[in-house]
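Here are my notes on the ligand site and the aromatic pairs. Please read them with the structure open.

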Amino acid sequence: MIYSKVIGIGSFVPERVLTNDELCGIVDTSDEWITSRTGIKERRIAEKGLTTSDIAAEAAKKAIELSGLNPQDVELILAGTITPDMIFPSTSCIVQEKLGLKNAAAFDISAGCSGFIYSLSVADSFIKSGKYKNVLVIGADLLSRITDYTDRSTCVLFGDGGGAVVLTANTENTRGILSTHMHSEGGHDDILMLKGGGSLMPASLESVNSREHYIKMKGSELFRYAVNYLKAVAEEAIEFNNLKAEDIDLFVPHQANIRIIEATAKKLRFPMEKVFINVEKYGNTSSGSIPIALDEAYKSGRLKEGSLVLIDAIGAGLTWASSIIRW
Ligand SMILES: CC(C)(COP(=O)(O)OP(=O)(O)OC[C@H]1O[C@@H](n2cnc3c(N)ncnc32)[C@H](O)[C@@H]1OP(=O)(O)O)[C@@H](O)C(=O)NCCC(=O)NCCS
């Protein structure tokens, strides 16, 4: 049996902090509303000129350094992102060039906030099939570039950042990715989408004036899907591995909203001490959310060698996914 073992991890967030109080000067909101409805206190915003590939490359560089691999050993680069530098070439190809990963194939995966776990799943399948041994998996987004700062119902939620892991084939023991599960359900454009800039609505004066190049979201409808689907996909992972909830050492959920995290943890009967939370610092960074959280959990000692970690996420599509990793 081949397992995909995590041998390197890294993350990067822009320096600039946007606090709830600052947002009160931009839209009609309050720190009290944002904190009580979302748990978010601040988020990071990329300065002008910083791109998704810059963030991805910074995170990936740290992950490769920690892995001890020679950059030439990376055979595949996968980047989960919905905010690529440009429509093409892919952000993965741009990262390849920035880091000199000359021997790798590279492509992006668009799965909304599930982008990192989808990418992890694809990477794991390539490793298990024997096709590749060393794969760089990135999740990075600059949601501030597609956030409408006149819409108080969305602009308080999102931030910028990214993370990366290096996976390698491991045949010696059971450390690595034990399972991944992915799901999709099209037909929910009405609750979460960015319509402008694609083939349906190419950029035009009209599309810009009607603010179609920004995220449109129906938050409370999405909230209900999130709690139910995240619970279901977490249970699917636990049952698939013949585990019980209490066997999981750390639950690292997508950091979208503290209320979604708490409601899901409650349904799964996870005590909050076993749940990793950093949504208060970064808001929802989409594909960046899980790898940033994993990196912080690892660096703070909450994720140790042999720990059983469960991750799950939901995003536009809808897409949702989970994975259990023996760290
Ligand atoms: C967005 C979200 C925080 C809103 O919380 P909610 O409890 O569902 O709140 P509602 O949407 O019902 O809005 C309640 C009221 O607050 C108002 N409101 C919305 N944003 C506000 C803000 N930033 N400040 C103050 N009031 C706000 C609304 O206008 C509404 O007012 P009304 O009742 O007078 O119409 C929550 O629905 C959520 O997190 N949803 C999931 C979002 C998500 O995870 N997206 C990404 C998925 S990957």
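1. The shell around the ligand has 23 residues, and those that come nearest are Thr29, Arg37, Arg152, Gly219 and Asn257. A residue is near if one of its heavy atoms lies within 4 Å of the molecule. This is a predicted model: local features need pLDDT of at least 70, side-chain atom pairs count only at pLDDT 80 or more, and totals for chains, interfaces and linings use all residues. Residues are numbered from 1 along each chain as its sequence is written, and side-chain values use heavy atoms, with hydrogens and water left out.

2. The side chain of threonine 29 places an N or O atom 2.7 Å from a nitrogen atom of the ligand. For arginine 37, a side-chain N or O atom is 2.9 Å from a ligand oxygen atom. The protein buries 72% of the 970 Å² that the ligand exposes when taken alone (Shrake-Rupley method, 1.4 Å probe).

3. Both domain 1 (3-173) and domain 2 (177-326) supply at least three residues of the shell around the ligand; these bounds come from an automatic or database domain assignment. Helix 8 gives the most, four residues (helices are DSSP runs of H or I, at least four residues, numbered from the N terminus).

4. The whole structure has five aromatic pairs (ring centres within 6.5 Å, using the six-membered ring of Trp). Phenylalanine 251 and phenylalanine 270 are stacked, at 5.1 Å centre to centre and 25° between the planes; stacked means planes under 30 degrees apart. Phenylalanine 251 counts as buried because its relative accessibility is 0%, and buried means under 20% relative accessible area. Phenylalanine 270 is also buried, at 5%.

Notes. A polar contact is a pair of N or O atoms within 3.5 Å; within protein, one must be able to donate a hydrogen and the other to accept it, and residues adjacent in sequence count only if both atoms are side-chain atoms. Helices (H or I, at least four residues) and strands (E, at least two) are DSSP runs, numbered from the N terminus. Rings of Phe, Tyr and Trp (its six-membered ring) pair if their centres lie within 6.5 Å; planes under 30 degrees apart count as stacked, over 60 as edge-to-face and the rest as tilted. Buried means under 20% relative accessible area, exposed over 50%, partly exposed in between (1.4 Å probe, protein chains only).
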